[in-house]
Amino acid sequence: MTQQRALLSLWLPYLATERLEREDPALAACPFATFMESRGQMILAAVNPAAAGAGLTPGMSLANARALYPDVTLRRADPPEERKALESLRDWCVRYTPWVAVDGADGLLLDTTGCGHLFGGDAAMMADIADRLDDIGFTARMARAETPRAAVALARFGDSRPPATGINPRGGPALRERLAPLPVEALNPSADAAAALHRVGLHKIGDLYSLPRSSLATRFGLDLVTRLDRALGDLPDAISPKPHAAPYRVRLSFPEPIGTPEDIARALDRLLTRMTARLEREQRGCRRLTLSVYRADGDVKSLTVGVARAARDPHHLARLFAERLASLDPGFGIDSMVLAVPVVEDLKAEQRHAGLKSAGDDQKADRTGREGDPEFDRLLDRLAARLGSGRLLRIDPLRSHLPERAGRFVSVFHSTAPSLASDGAPWPENLPARPPFLLAAPESVEIESSGEEEPERFSWRGRWHEVGRVTGPERLSPEWWLPAEAARVRDYYRVESLTGQRFWMYRSLPQGRGGTAGEDWFMHGLFG
Amino acid sequence: MPNGSASLKASAGAGESPAGRGRRVLPADLRRAIAAIEASGGHGGGRCLSTGIGPVDASLPGRGLALAAVHEVQGPAAASFALHLLTSGLSDEDCILWCVPEGRRDHLYGPGLWQEGIDPARLVAAVCRDRTEMLWTVEEALKSGSVAAVVAQMDKDRARGSTGKPVDLTASRRLQLAAEAGGGLGLILSEGGGTLSPSAAATRWRVDPAPLEEVLDRACWDVSLLRVRGGAVPETAWRVRVDRAGQISA
């Protein structure tokens with residue numbers, strides 16, 4: 001069984017005036033109306049509640065309105081701006097459901113099927129919409145129903161209680177009963193049909209239920225029957241939400257399959273030019289680009305390149321691909337190529353680099369190779385295109401006293417190092433000497449000593465070193481949460497061989513320090 | 001000197017394609033100009049980087065390590081000497097690319113680098129699958145001119161004898177050209193040991209560790225300058241000591 005649909009109609013009766021009142025709050029306090037020209041006459045287009053209370057109604061001629069209420073504030077109506085305001089409200093409503101459509105000049109239709117529970121229930125969601133709209137200065141009347149037409153009819157022609165209580169919670173009387181008391185105008189029939197209905201005394205929707213459809217259609221037109229059926233859910237009805245933005249995808253097809261690297265590169269250039277032109281227009285940049293080639297034999301190959309910072313420079317992007325194009329096997333030829341950007345980011349226009357070696361070579365020297373240099377980011381992008389982004393690493397500090405945890409290799413594309421560097425020293429100060437090179441894992445060392453604590457000779461990686469000088473120890477305790485039997489203390493020594501090589505070694509001791517049983521020596525770092 | 005670098009490229013371009021050498025005859029005065037430039041050791045305007053070691057600077061053609069050039073450092077202490085060159089020569093904001101081969105067992109260590117005076121935030125390590133990839137990475141980085149220094153640890157291990165193929169003349173010439181184009185400093189480290197193969201690098205060094213004179217000294221090396229391009233090798237061997245306060249004596 002399919003889930004019962006839930007359509008929410010939002011009617012903004014004062015959209016035109018509230019739009020202006022938001023800009024100039026003083027307008028809200030007094031009778032205020034917009035006017036427009038219609039058939040050579042100035043008429044009121046929209047009135048605010050205060051003006052309505054003074055007896056002004058839309059459609060009234062301007063002269064009449066002035067006579068009725070001389071102090072009325074007037075502004076010229078601006079339908080395109082009103083439409084824009086409505087469209088931005090539509091975008092705003094996407095917070096509730098992705099299916100939002102504009103309904104007429106002053107309404108919105110939301111397909112909230114299955115969305116209510118996200119906001120604590122349907123009633124809570126509608127209250128939330130009303131509250132938030134009120135906060136931003138719009139009055140809304142709302143109704144929920146199982147079909148779009150019914151929701152609209154209920155919102156606009158339902159009982160005219162104050163807006164906040166115009167909410168029709170679900171689970172009320174069945175749709176037919178709810179629609180029955182509404183005037184036939186709620187079905188939005190043509191003016192002729194409406195007049196004809198009233199002539200024969202059919203004033204409410206409920207009056208139509210008992211009449212045979214066929215005679216309704218012959219008397220008042222098929223359109224009316226269709227509207228009624230849609231409102232009651234006997235005919236399917238859909239809403240048309242705003243289309244999604246076109247995907248960032250460009251395609252190039254070839255009359256003849258291409259295969260040479262030069263042709264592929266040229267085709268890629270054209271795709272990149274088109275893609276980056278669009279990105280430039282929309283002030284966007286891409287972080288990842290995927291090139292798919294459709295081969296004549298039906299196979300599809302694709303290449304993806306990533307950049308550290310949003311980019312849209314076609315030359316830079318082409319260079320990233322250039323490293324990888326060679327690995328693209330064209331097979332018997334390529335029929336078409338598609339370049340797609342899965343994710344775009346905002347990227348403001350920037351001045352393009354001239355790319356010239358200026359005469360002021362010293363100036364250039366001042367700038368290059370510095371942190372934050374965009375050229376450096378570009379270089380990293382190019383290197384990552386060939387090596388892979390996981391092979392360009394920065395060392396990020398980590399607060400741990402265990403030596404192997406104090407520095408962590410992180411892909412430059414994920415590193416947080418630069419931001420850390422700004423708040424004081426990211427690396428611990430006042431440590432005893434640490435080697436600039438650390439072994440990936442401590443390596444076992446064989447020790448020879450004549451009863452002393454410190455070794456006289458040791459063998460590491462199959463070579464014997466004569467010990468010249470030993471400095472230390474520096475004791476590092478294990479993490480306190482380790483079980484006592486597994487935890488071992490490390491005594492670190494700087495050991496210098498007679499040839500001057502200096503090593504960072506540690507002796508691993510059982511925590512209890514019960515004799516020297518089970519003690520082992522490990523090589524952990526190299527000073528140089 | 002823009003003219004100088006242009007003619008340099010022309011000469012090297014001819015060298016790269018031996019087949020074209022016969023056709024491409026350089027005018028005699030151009031040859032002389034090239035010889036003069038190469039002899040002066042001046043590349044990319046002849047800017048140099050102090051090694052921080054007085055006597056060593058004094059014996060180098062430009063009173064320091066030439067920028068826009070590639071230098072080779074051999075010997076077991078090559079890496080620590082390279083770190084010293086980076087700290088003494090570069091400013092605190094200069095970016096460094098450090099290339100290591102995949103599978104190398106000793107890695108750069110943040111706290112240690114910090115103590116050496118290099119903020120790890122300005123250093124990026126590139127892990128290269130093989131030698132070709134490493135040479136490509138170094139060349140690309142040097143050419144871009146967006147890193148102050150590119151260091152390549154060519155060997156997988158610092159033990160003697162573990163050296164792979166030395167960087168051959170063609171490769172070193174490519175790197176040298178890339179450095180000239182970009183203006184940065186290239187350091188090629190081969191810790192496994194020395195090679196005397198010809199090379200286009202501006203200098204070639206050998207650095208061995210030496211026992212510390214005092215317990216708290218920072219470092220001590222036996223540094224020898226094996227080769228300077230376009231110049232006779234002057235005084236060649238020093239014992240360089242960095243004491244606890246960072247004072248350098250040779």
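Guide: Two residues are in contact if their C-beta atoms, placed from the backbone, lie within 7 Å. The model is predicted: local features need pLDDT of at least 70 and side-chain atom pairs count only at pLDDT 80 or more, whereas totals for chains, interfaces and linings use all residues. Residues are numbered from 1 along each chain as its sequence is written, and chains are lettered from A, with ligands numbered from 1, in the order in which they are written.

Visitor: How many residues of chain A are in contact with chain B?

Guide: Here 53 residues of chain A are in contact with 50 residues of chain B. Helices (H or I, at least four residues) and strands (E, at least two) are DSSP runs, numbered from the N terminus. On the side of chain A that touches chain B, α16(A) gives the most, with eight residues.

Visitor: Into what classes do the residues of that side divide?

Guide: Ala, Val, Leu, Ile, Met, Phe, Trp, Tyr, Cys and Pro count as nonpolar, Asp, Glu, Lys and Arg as charged, and the others, Gly among them, as polar. That side of chain A has 28 nonpolar, ten polar and 15 charged residues.

Visitor: Which strand of chain B is joined to β13(A)?

Guide: Two strands pair if DSSP finds at least two bridges between them. Two bridges join β13(A) to β6 (residues 123-128) of chain B, and the strands run antiparallel. Leu393(A) stands opposite Ala125(B) in β6(B).

Visitor: What does chain B contain in helices and strands?

Guide: Chain B has eight helices and twelve strands. Of its contacts between residues at least 6 apart in sequence, 71% join residues at least 24 apart.
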